[in-house]
Every structure is written in C-alpha cells, then in structure tokens.
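Here is my note on the model, point by point. Please read it with the coordinates open.

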Amino acid sequence: MNNELSGNGIRNGEQYLAGLRDDRDVWLRGEKVDDVTSHPGLSRGARTLAGFLDKQFDATLQDVITYEEDGTRYATSFLVPKSKADIEKRGAAFYQWATWSNGMFGRTPDYKNASVMAFGSAADFLAQGKPEFAENMRNYYQYVRNNDKVLTHTLVNPTYSHEQAKEGKYSDKVALQVVKETDAGIVVNGARLLATLGPHADEIEVFPSTLLKASEENLPFAFAFAIPINTPGLRLICRDSYDHEKSHFDAPLSSRFEEMDAVVTFKNVLVPWERVFMYREPLLCNKAFADTNAVVHMMHQVACGKLAKAEFMVGLLCAMAKATGKDKDMNVKGQIAEAMWATETVRALRFSAEAHAEADSRGIFVPARRPLDTSRNLFPKMYPRLVELVQLIGSSSLMATPSEADITSDIADDIGQYFQTVNLASKDRIALFRLAHDVAVSGFGNRQALYERFFFGPQNVMASIYFDLYDKDEMMDRVDLLLK
Ligand SMILES: Cc1cc2nc3c(=O)[nH]c(=O)nc-3n(C[C@H](O)[C@H](O)[C@H](O)COP(=O)(O)OP(=O)(O)OC[C@H]3O[C@@H](n4cnc5c(N)ncnc54)[C@H](O)[C@@H]3O)c2cc1C
C-alpha cells in the first residue's frame, strides 16, 4: 500500500466511475454483473454518486465540502478536527452532502470517511493489539483520504440462532471467521450482513459491530480489516434493485438514489497483514468504535444527514397539504407540526452536539456524544412516523398517480381535467404525489424506512447502551434527597 499512499485528493465523478469498472464479483437477479456503471439496476445510483463527487470541484461549495492542506484539496469529512470550528465545518459539509439527495442517499462516502478519520487519529488504540496495526491504520487513512476512495463497511455477522447471538457468540456455519494465518496475511471464510453501497464502493471495511458485543472466546471472529471490493474470493449478493428504469418523473427518488445493499461472502479471502487493524482481540474489538470516538463522528454525520431528510419531509408534507388547500385545516396543520417538531429536535441535537464539542485525550475535537446518541435513538422511531404522515395526508392521492406516458397519451384530456386540484394543474399534482409515493409506498420508500430503523443497529441494543451511558446519579440523588 505504501506506494499508493500519495494521491491527488478529491476525485471527480468520471474518475470514480472508472475505478468501479473492475473485476468485482457482484450478483444481481441471478447474474454476475459485468459493469456496475452500466447495469440497469445499479448504474443510475453510481452516476448519482459521481455527480456528488463532481460537486467537490464547484467553487461555490469548495470552502464547505473540501479543505486544503499543502496545496491539495481533500473532502472535509477527512479533516481531523482540532477546534470547535473544525467540528462545525465538518457538520456543515455533512449537511451539504445530504441536501443533494434530501437524505435519501444515506450512505454517501462522508459516513465512512468520518470513521476512517477517527480511527486514523486514534490509531494508538490499535497498538494495544500490535504496534504495526496502528501504523496500518495511519497508512489506511492516508490512502483513503489522498485517493478519495469510496468505502462501504460490514459490521454484523448473520444471526443463525438468536439465543447464541444474545450471548455474543457466532455460528461457524454462517459467520465470517479466520481459517488460516500465513506470512502474507489472514485467510477468512464466511458471510457478513450487510454492505450498503457495496457494489458502488472501492473498498470494504470489515469491522466488529459498533453495538453487538462479542464474547471473550470468539477469537476466530474477532478482527478488523479493509480490502478492495475486487479482492479475489469476495462476493456481493445484492437484493433486488429498486431502480426499475422508470423516468425521473415517474420515480423521482428510486431513479436517482438506489444505493443498493448486499450480503457479503468471503471464500478463502487473503487479507494482507498491512490491511489488518485488529486480530484475535474480542475485548479490543468491542471497545474500538467507542474508544476511538469513531462512533461519535459517525453519529455526527448521521444527525446532519437526518436533519436534511426531516426538512425535506416537512417540505413534502406542506406541498401535499397545499395542493388541495388542506393546509388551512387545523388537524392537518397539527399533523405537519408533528413533523416540524421532529425536524427541530434533530436540528437542536445536532447544533447542541457541535456547540459542546470538546478535545478528547488525544487533542482531537469530538462533538458531544449525548445529543447525537439521542438523535440516533430517536430518528429510527421518528422516520416511520414521518412516512405515516405522508400516507395519512396523501391518502388516495398517492394512488391517483398515472405515469408520465399517460399525460401525453390518448387519455391526455381526462388526465388534464380530472387530476387538477385547487392549487395544482394535473401534471404538477401527479408529479408531487408520485414523489410522495416514492417516499411512502414504493419499494424504495419502504427500504428507506427499514434502513432508518436498523442501519445503526438493533433499536433495543442501542437504547440499552444509551441507558448505561446516561449520567443518572445526580438525578437519582435528588429523588433520594426528597425521600430522606
Ligand atoms: C437497509 C439496511 C442497510 C444496512 N446496511 C448495513 C451496512 O451497510 N453495514 C452493516 O454492517 N450493517 C448494515 N445493516 C445491518 C444492521 O446493522 C442490522 O440490521 C442491525 O444491526 C440489526 O441486526 P440484524 O439485522 O441481524 O437483526 P436481528 O436479526 O434482529 O438481530 C439483532 C441482533 O441483536 C441481538 N439482540 C437482540 N436482542 C438482544 C438482547 N436483548 N441482548 C443482546 N443482543 C440482542 C440479536 O441476537 C442479533 O444479533 C443494514 C440493515 C438494513 C436494514
């Protein structure tokens, strides 16, 4: 990797797409995908991300979404925060990236960049395993940043038995494990759930879970490494695509933001030692995301993105209500106010975390954890409710959604006449409610809700960690005082 450490910083979309045209082993609908940049179920998601990367060269955005160091520009998500202002800059960049998809392309590269930055800055943590693991991580941060690589990650072993998983044990029938050690590296076999953006990524991080703790005896399952997606033996098995090749009018979101999720399988995959960061250390693995603050920096990216998404949902609800004049109705106002409260809660949590950022023991600034942790526990509950509000306010209009082709067909007169509302011409009303349909009814929309419910981990486990970390003593003392 050493000769690859130097790079030119930010990449444009064409450079990114060219990097995806390799011999990666991606499977979709029973066939091996030849080229993810031209496959009908995958190409538009890839091109969307390419368009986002192009924005890094937009002079009006560069101050926010990039930073300069020794004459080279890098994505802001790689910036090691040395002040509160740096934290705010990172937050502004996360938010900016999310606005381009209104949060519907959840796994933009800044999410993983936040984690790589944190691990790179806290690499001494990994030296507790072996000193060279720390060096590996410092090099990996340089490599990813300097070459603007797009990463996915997979943190979770498939559950074979719930009882076994609750004890932190993994099944060797399905879970990813080390089967051999050689001079060149470790050899791994098994599967991992799940890699969002996998087919569209350059690299995959295979790390322990941020949440699910492994038991002490899980030695063959306890590791962290990163490899290129086209590493021999690594396979991505995609779910069905939600990009059904419809026009942007017919499917405004799924035609643009299909980021794809894939199960990852490993058949005797050789991971070179220089790409190994933790090995046979379950207890270290369990602490890694917390002790390096990677989880906090990731939560920061997430809260900023969820703010953009919640704002969009408010905008959508207001536009839908306005279409028929429902926005004058007190009950409807009350329903939309609920979405506004959700949005303002996420906003307040984001800015509170930034305002209370402090330097950690390594001198790296970290946003306050508690507001971000509150946001990551609340949003999985808020988002399904926002979707429900779109359904409640949209009602049958979500079905009065003929396709673009109908608008110019032989029944164009009927469409023009019967789909209009007091505030919208037929075509505009259909466009708006097709968008709402893609949010709240389509396969794409339902996957979004599932993503929000689960992508950071099981809700009960996240809530239980939140409870454990919450500083309760002073509050309980006040209760005690009253009882004395
Ligand atoms: C759309 C989508 C995208 C995703 N993208 C990614 C990704 O990119 N990378 C990634 O790594 N993951 C991803 N995930 C996976 C996500 O991390 C998991 O879905 C989540 O952690 C829940 O795990 P599970 O799916 O195995 O759920 P379940 O099968 O419900 O398992 C939950 C886990 O929690 C354990 N558990 C439950 N209750 C308890 C308890 N009381 N005490 C202890 N343990 C308990 C279970 O035993 C099990 O291990 C994604 C998920 C979705 C839906």
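1. Contact here means heavy atoms within 4.5 Å. By that rule, Lys84, Ile87, Glu88, Gly91, Ala92 and Tyr95 of α4 meet Arg350, Glu354 and Ala355 of α11. By class, this contact has 4 nonpolar, 1 polar and 4 charged residues. The classes are nonpolar (Ala, Val, Leu, Ile, Met, Phe, Trp, Tyr, Cys and Pro), charged (Asp, Glu, Lys and Arg) and polar (the others, Gly among them).

2. A word on the basis. This is a predicted model: local features need pLDDT of at least 70, side-chain atom pairs count only at pLDDT 80 or more, and totals for chains, interfaces and linings use all residues. Residues are numbered from 1 along each chain as its sequence is written, and side-chain values use heavy atoms, with hydrogens and water left out.

3. Now the geometry of that helix pair. Helix α4 spans residues 84-99 and helix α11 residues 330-355; their axes come within 9 Å and cross at roughly 155°. That makes α4 roughly antiparallel to α11 (angles over 145 degrees count as such). Axes are lines fitted to C-alpha atoms, for helices over the stretch in contact, and angles run from 0 to 180 degrees between N-to-C directions. Helices (H or I, at least four residues) and strands (E, at least two) are DSSP runs, numbered from the N terminus.

4. Next, the interior. A nonpolar core is a set of buried Ala, Val, Leu, Ile, Met, Phe, Trp, Tyr and Cys residues joined through side-chain atoms within 4.5 Å. Buried means under 20% relative accessible area, exposed over 50%, partly exposed in between (1.4 Å probe, protein chains only). The largest core holds 129 residues, and Phe225, Phe266 and Val439 have the most contacts inside it. Helix α10 (residues 294-323) supplies the largest share, 17 residues. Domain 1 (2-290) and domain 2 (293-483) each give this core at least three residues; the bounds come from an automatic or database domain assignment.

5. Check the backbone. Leu193 and Leu194 are joined by a cis peptide bond, with omega about -5°. Leu194 sits in strand β7 (residues 185-196).

6. Two positive phi values deserve a look. Arg29, in the loop between β1 (25-28) and β2 (31-32), has phi near 50°. Asp148, in the loop between α7 (131-147) and β5 (151-154), also has phi near 50°. Buried or exposed, which is Asp148? Asp148 counts as buried, at 4% relative accessibility. Arg29 is partly exposed, at 45%.

Definitions and conventions: Angles under 35 degrees count as roughly parallel, over 145 as roughly antiparallel, 65 to 115 as roughly perpendicular and the rest as oblique.
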